[in-house]
Amino acid sequence: MHIFHDAKGSSHAKIILIGEHAVVYGHPAIALPLKTVTATASIKVIPSSSEQIIKSSYYDGSVDDMPKNMLGIKKLILKLVSDLRIENGFELHLSSQLPAERGMGSSAAVAISIIRCFYNATDTRINHKKLLSYADIAEKVTHNNPSGLDATTSASDNPIWLIRNKEITPIPINLDAYLLISDSGIKGQTSEAIKIVKDQLNTDEISTSSKLAALGRLAQTTRDQLANNDIVGLGKTFTLAQKDLISLGVSTPKLDNLITIALKNGSLGSKLTGGGRGGCFISLLKTKKEAEVLAKILNQHGVTKNWIEPLSNL
């Protein structure tokens with residue numbers, strides 16, 4: 001049995017800059033860490049007890065009785081308890097600033113924070129590869145067929161270029177601009193969106209494959225624009241990507257309307273981020289002031305929360 005003491009672990013949100021859905025089918029995607037939006041796990045050891053308790057905004061109670069929608073987290077915790085040979089009782093407190101089902105990697109961030117917490121509690125080091133393999137235990141249950149992008153970015157301090165099962169590379173950004181992330185107020189429907197794309201591939205493979213390949217090419221264009229401070233070009237790329245996502249059927253009328261409002265009020269380019277069918281969308285602006293002004297306008301049209309991320313410090 002390892003030494004076991006009170007400890008904490010943390011992680012952060014992510015957003016997909018470009019390449020959602022296409023990444024599932026072997027095309028590249030780029031994701032950004034949002035370091036100011038965090039998830040935290042903290043363990044409090046219960047001496048002379050074997051009781052294992054979870055406390056969170058979703059559920060308070062025994063690990064064994066965790067609800068179905070937390071099954072991935074339950075499997076992860078039981079695996080960590082077994083592998084680290086933890087016999088003491090504990091209370092695991094989960095706290096997250098990430099809204100669920102908004103394409104910000106909520107489940108992955110919570111999983112990463114739990115893994116780091118347990119390893120810190122046992123004074124055990126964990127390498128990056130093993131960290132991601134543990135996170136995959138929870139993500140496979142939660143998302144069925146995860147690309148790995150959420151967990152990779154939630155565990156990284158750098159923007160990530162990912163080609164599924166082939167390449168995961170931190171990439172540089174040289175962009176004097178701001179990203180406004182806006183919550184549409186509607187839960188994203190990732191599973192539904194993935195099914196829509198899969199059904200389209202089955203019924204019209206040539207056209208759907210062409211749209212996914214186009215998104216992949218736009219990801220490559222984005223990588224070059226990020227490296228070369230091409231703000232105007234990147235805005236145009238975002239808007240082109242959104243057109244492909246609309247044609248794939250993963251946007252919604254409300255998202256389309258909010259994006260149109262953003263484009264009319266200073267955004268250089270806007271697109272949904274994540275699975276779609278709701279969730280968040282992103283807008284590119286040259287200054288923080290412009291981002292703040294647009295955020296207020298979008299709030300008046302139903303956006304429930306905004307985050308402003310400078311792209312120059314990533």
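These are my notebook entries on what I looked up in this structure, which is a predicted model.

**Entry 1: overall build**

I began with the whole chain. I found 9 helices and 11 strands in the protein. Its radius of gyration is 20 Å, close to the 20 Å that the globule rule gives for 314 residues, so I noted the protein as being as compact as a globular protein of that length. Along the principal axes, the C-alpha atoms fill a box of roughly 60 × 45 × 35 Å. I then looked up burial: 53% of the 314 residues count as buried. For contacts with a separation of 6 or more, I noted that 74% are between residues 24 or more positions apart.

**Entry 2: nonpolar cores**

I keep one general point in mind here: in soluble globular proteins, nonpolar side chains tend to be buried together. Which residues have the most contacts inside the largest nonpolar core? They are Ile77, Leu92, Ile114, Phe118 and Leu179, in a core of 92 residues. Helix 2 (residues 106–121) supplies the largest share of this core, with 11 residues. Both domain 1 (7–170) and domain 2 (178–310) contribute at least three residues each to this core. Another core, of 7 residues, lies apart from it, and I listed Ile16, Ala31, Leu149 and Ile160 among its members.

I then took a look at Phe118 by itself. Leaving aside neighbours within four places in sequence, I found Phe118 in contact with Ile43, Ile77, Leu80, Val81, Leu84, Ile86, Phe90 and Leu92.

**Entry 3: threonine 208**

Next I looked up a threonine. Threonine 208 lies in helix 6, which covers residues 205–227. Is threonine 208 buried or exposed? Its relative accessible area is 1%, and the cut-off for buried is under 20%, so threonine 208 is buried. Apart from neighbours within four places in sequence, threonine 208 is in contact with Val197, Gln200, Leu201 and Leu248.

**Entry 4: cysteines**

I checked two cysteines for burial. Cysteine 117 has 0% relative accessibility, so I put it down as buried. Cysteine 280 also counts as buried because its relative accessibility is 0%. A disulfide is a covalent bond between the sulfur atoms of two cysteines. How many disulfides does the count come to? I got 0 disulfides, taking a pair of cysteine sulfur atoms within 2.5 Å as the rule.

**Entry 5: a database record**

Last, I looked at the UniProt record, an unreviewed entry. UniProt lists residues 224–302 as "domain: GHMP kinase C-terminal". In the model, I found this span to be 58% helix and 13% strand. The end C-alpha atoms of residues 224–302 lie 34 Å apart.

Note on methods
Residues numbered from 1 in each chain as written. Predicted model: local features only at pLDDT ≥ 70, side-chain atom pairs only at ≥ 80, totals over all residues. Heavy atoms only, no water. Buried < 20%, exposed > 50% of the residue type's maximum accessible area, 1.4 Å probe, protein only. UniProt positions renumbered as here; feature names shortened; annotations may be inferred. Helix = DSSP H or I, 4+ residues; strand = E, 2+ residues; numbered from the N terminus. Core = buried A, V, L, I, M, F, W, Y, C linked by side-chain atoms within 4.5 Å. Domains from an automatic or database assignment. Contact = heavy atoms within 4.5 Å. Rg over C-alpha atoms; globule rule 2.2 N^0.38 Å.
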